[in-house]
Amino acid sequence: MQDQLEAFARGVNFTRYRGQLQGHYESLFVRANYTHCAHAFWIRYTIFSPRGRPRDAIGELWAIFFDAEQNRHVTAKEEYRFTDCDFDVSSFRVRVGKATLLPNRLEGAIEGKQHSLAWDLKFEGASPPVLLLPLPLYQGRFPAAKSVVSLPMACFNGLLTVDGKKVEVAAWIGSQNHNWGSRHTDLYAWGQVAGFDNQPDSFLEVATARLRLGPFWTPPLTPMVLRHRQREYSFTRLGQAIRARGKFGYFSWEFASRNEDAEIAATISAPREAFVGLRYHNPPGGIKHCLNSKIASCTLRLRDRRAGTMEVLETRNRAAFEILTDDEKHGVDISA
């Protein structure tokens, strides 16, 4: 198993798209928070290929700058012909238009209709990938959507330009991520914390998802991984994810899980104004709404059953919180 994990890690950012007829989406994205105030960024390089029409595949470039201090978030998006993109299948090399994402470096710009964003950033880190699914599930058809944190606890430095204003990025902490699949998950909440306010070296990755199988819905599946004090608490086995508790709405989420080693119970929440609404095309057809925040709060209680200890990890505004839904009554303006 260790050899398989090492092989997976070596190719964790290699593109999975091969012109599949069943449709495909794939994103490599970075995100980070400023540790001293509620500023954050999210930059996403994406393939979208509709089912049965790989000739119509496109590249998408997305960027958001979150500023909770001013209650102002800047969003920009551009689409490109796939012939103007490069997603490498045998190395970590991505290009959408002129924007690039490489190991430890990304550069690009979007001149949107209402806003502009540009970035010139370097990032580094030594943490191994975080897998939210058991390793064999990354190779099979189920689930249709896969997600991995290629580089948790990444440290970013460089420059953002937000509507012409320079924003220095100095030791912002976040992650580099990769997800892909033949369709978007039908309904989910996704969360991540790269450094808690009182435990800056700890990392959380969690999701609650429901899948539609014909006319039926699965119960909520809630896998999670917490890295804390040089330990990894993993709650990702399928049976465990089914037994876990996960309940979310607009705009709060409660989840909990346990195993023989530990128990976790947590909440992630943010006010409506902390979210940006995005429109995602689904490869089988239709539109999903993504409610995206990178400035949410999180309170997590960890009971280490073997050590007999209890700790509370908290952050006021460094949690990522996304909801993907078909519901259009969420009240968040769609900005891209």
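The side chains of Asn-13 and Ser-150 are joined by a polar contact of 2.7 Å. This is a predicted model, so every distance here is computed from predicted coordinates. Asn-13 sits in the loop between H1 and strand S1 (24-33), and Asn-13 is buried, with a relative accessible area of 8%. Leaving aside residues up to four places away in sequence, Asn-13 touches Leu-28, Ser-91, Phe-92, Ser-150, Gln-176 and His-178.

**Aromatic rings**

Let us turn to the rings. The count comes to 16 aromatic pairs. In one of them, the ring centres of Phe-8 and Tyr-138 lie 5.1 Å apart with the planes at 50 degrees, so this pair is tilted. Phe-8 belongs to helix H1 (residues 2-10), while Tyr-138 is in the loop between strand S10 (130-131) and strand S11 (145-162); the pair links distant parts of the chain, 130 residues apart. Both Phe-8 and Tyr-138 are buried.

Phe-82 and Phe-87 give a stacked pair, because their planes stand at 10 degrees, with the ring centres 6.2 Å apart. Which of these two residues is buried? Phe-87 is buried, with a relative accessible area of 9%, whereas Phe-82 counts as partly exposed at 26% relative accessibility.

Ring pairs also build a cluster out of Tyr-250, Phe-251, Trp-253, Phe-255, Phe-275 and Phe-321. Rings meet charges as well: the charged end of Arg-16 sits over the ring of Trp-180, 4.2 Å from its centre, and Arg-44 lies over the face of Tyr-280, at 4.3 Å from the ring centre.

**Salt bridges**

Side chains of opposite charge can pair when their charged atoms come close. A search of the whole structure finds 20 salt bridges, and the table shows some of them.

| Salt bridge | N to O distance |
|---|---|
| Arg-245 and Glu-254 | 3.6 Å |
| Arg-305 and Glu-263 | 3.7 Å |
| Asp-326 and Lys-288 | 2.9 Å |

In the pair of Arg-245 and Glu-254, Arg-245 counts as partly exposed at 45% relative accessibility, and Glu-254 is partly exposed with a relative accessible area of 42%. For the salt bridge between Arg-305 and Glu-263, Arg-305 lies in the loop between strand S23 (287-304) and strand S24 (309-325) and Glu-263 in strand S21 (residues 262-269), so parts 42 residues apart in sequence are tied together. Arg-305 is partly exposed, at 34% relative accessibility.

Asp-326 and Lys-288 form another salt bridge. Asp-326 is in the segment after S24 and Lys-288 in strand S23, so this pair ties together parts that are 38 residues apart in sequence. Is Lys-288 buried or exposed? At 2% relative accessibility, Lys-288 counts as buried, whereas Asp-326 is partly exposed, with a relative accessible area of 40%. Elsewhere, salt bridges that share partners join Arg-258, Glu-263, Arg-303 and Arg-305 into one network.

**Cysteines**

How many disulfides does the structure hold? The structure holds zero. A disulfide is a covalent bond between the sulfur atoms of two cysteines. For Cys-155, the closest cysteine sulfur is in Cys-37, at 16 Å, which is too far for a bond, given that the two sulfur atoms would have to be within 2.5 Å. Cys-155 is buried, with a relative accessible area of 18%. Cys-85 is buried too, at a relative accessible area of 11%.

Definitions and conventions. Residues numbered from 1 in each chain as written. Predicted model: local features only at pLDDT ≥ 70, side-chain atom pairs only at ≥ 80, totals over all residues. Heavy atoms only, no water. Buried < 20%, exposed > 50% of the residue type's maximum accessible area, 1.4 Å probe, protein only. Phe/Tyr/Trp six-rings, centres within 6.5 Å; stacked < 30°, edge-to-face > 60°. Helix = DSSP H or I, 4+ residues; strand = E, 2+ residues; numbered from the N terminus. Lys NZ or Arg CZ within 6 Å of the ring centre and 35° of its normal. Polar contact = N/O pair within 3.5 Å; in protein donor to acceptor, adjacent residues only side chain to side chain. Contact = heavy atoms within 4.5 Å. Salt bridge = Lys/Arg side-chain N within 4 Å of Asp/Glu carboxyl O.
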